[in-house]
Amino acid sequence: MRRREFTSLLGGAVATWPASASAQRVTSPGLQAAPASERALSETRYRTIEVGEMVIFYREAGPTGAPVVLLLHGFPTSSRMFRNLIPILSDKYRVIAPDYPAFGHSAVPARSDFHYTHAHLSEVVEALIEKLGVTRFAMYMMDFGGPIGYRLMLKYPDRVTGVVIQNTPTFGEPTDGPLWAAELAYWKDGSPAHRDAVRSKLTPGAVRNQYLAGTREPSRIDPDNWTIDSALLARPGVDEIMLDLLYDIRNNRQTVADARQFFKTHQRQVMIVPGINDPLFPGASMKAPADMPEIEFHPIDSGHFALEDHCAEIGSLTRSFLGRVCGLHDRRRG
């Protein structure tokens, strides 16, 4: 079977998978499993909801009245990146993980009908949680999820109980060096030639490299990750949408700068758990500066998608952090 035919078939399979798949509960080593009475609440549900005449897909688990944790995914993946983290948190928290428009299993409105910017994606997430009745929440943000979540954080600082940051612009890191050369040229003039040069970031090889770069044991990374992401990227028109969003990164500088000030003012509400070997956002650049000594910093010996091989470790750290900032006693950790 030719590659294009295989990708097309795979993309169709991916598009229907979540609705029929049964949720699997993942329990971290050393953590006691939740009682059977709580397990039904903590199992993941795969849902859709209309937001502004657009169908948005999201994963949800946990008791309805529990403190909310909003999980915001990165590029070029979807809420699927949190599939193993959700069960670690969902006995204590109501966990909500949306797919942004054109990502995962959410709708893909045409570029003529929807302005693809991080600001607009943040507005969609805001509308989603409003429809779900969420007024206070903690956030876990990664990659694109950073500038999307930061906008919510800055708009509603009193609603945010805490933020967990993983491999996303945090303290205004400079995007320079050979890894960012194509983007820097693209951001400067937006020319068709420079736009085409950035297409290399959408290839299956580039997606695979994002998962493997910086990992100590590549055999622990499920190849379904880049296979599924690449199939979804291959849908008609999605490549142009992603190029729009990659171009829009240049408009996030002020948001990141404002977020830095929020972190300084709310240090005890912030935890950073970066994959320190990530070539895009190296751990050293994500460590809090000297004037923010109360920010929790836990370097993870992994790459960009650190949840793939260190989910148990990150999940345990996140439970402990949430237990403190949400004012809950986490019985799993005593």
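Student: How many bridges join strand 2 to strand 4?

Tutor: This is a predicted model, in which local features need pLDDT of at least 70, side-chain atom pairs count only at pLDDT 80 or more, and totals for chains, interfaces and linings use all residues. Residues are numbered from 1 along each chain as its sequence is written, and side-chain values use heavy atoms, with hydrogens and water left out. Strands (E, at least two residues) are DSSP runs numbered from the N terminus, and two of them pair if DSSP finds at least two bridges between them. Strand 2 (residues 54-61) runs antiparallel to strand 4 (residues 94-98), and the bridges that join them number four.

Student: Which residue in the turn between strand 1 and strand 2 has a positive phi?

Tutor: Strand 1 and strand 2 run antiparallel and are joined by seven bridges. Val 51 stands opposite Met 54 in strand 2. The two strands form a hairpin with two residues between them, and the residue with a positive phi of about 60° is Gly 52.

Student: How many residues of strand 2 are buried?

Tutor: Buried means under 20% relative accessible area, with a 1.4 Å probe and protein chains only. Strand 2 is mostly covered, and of its eight residues the buried ones number seven.

Student: What is the order of the strands in the open sheet?

Tutor: The edge strands, each pairing on one side only, are strand 1 (45-51) and strand 8 (296-297). Eight strands form the sheet with mixed pairing, in the order 1-2-4-3-5-6-7-8.

Notes
Buried means under 20% relative accessible area, exposed over 50%, partly exposed in between (1.4 Å probe, protein chains only).
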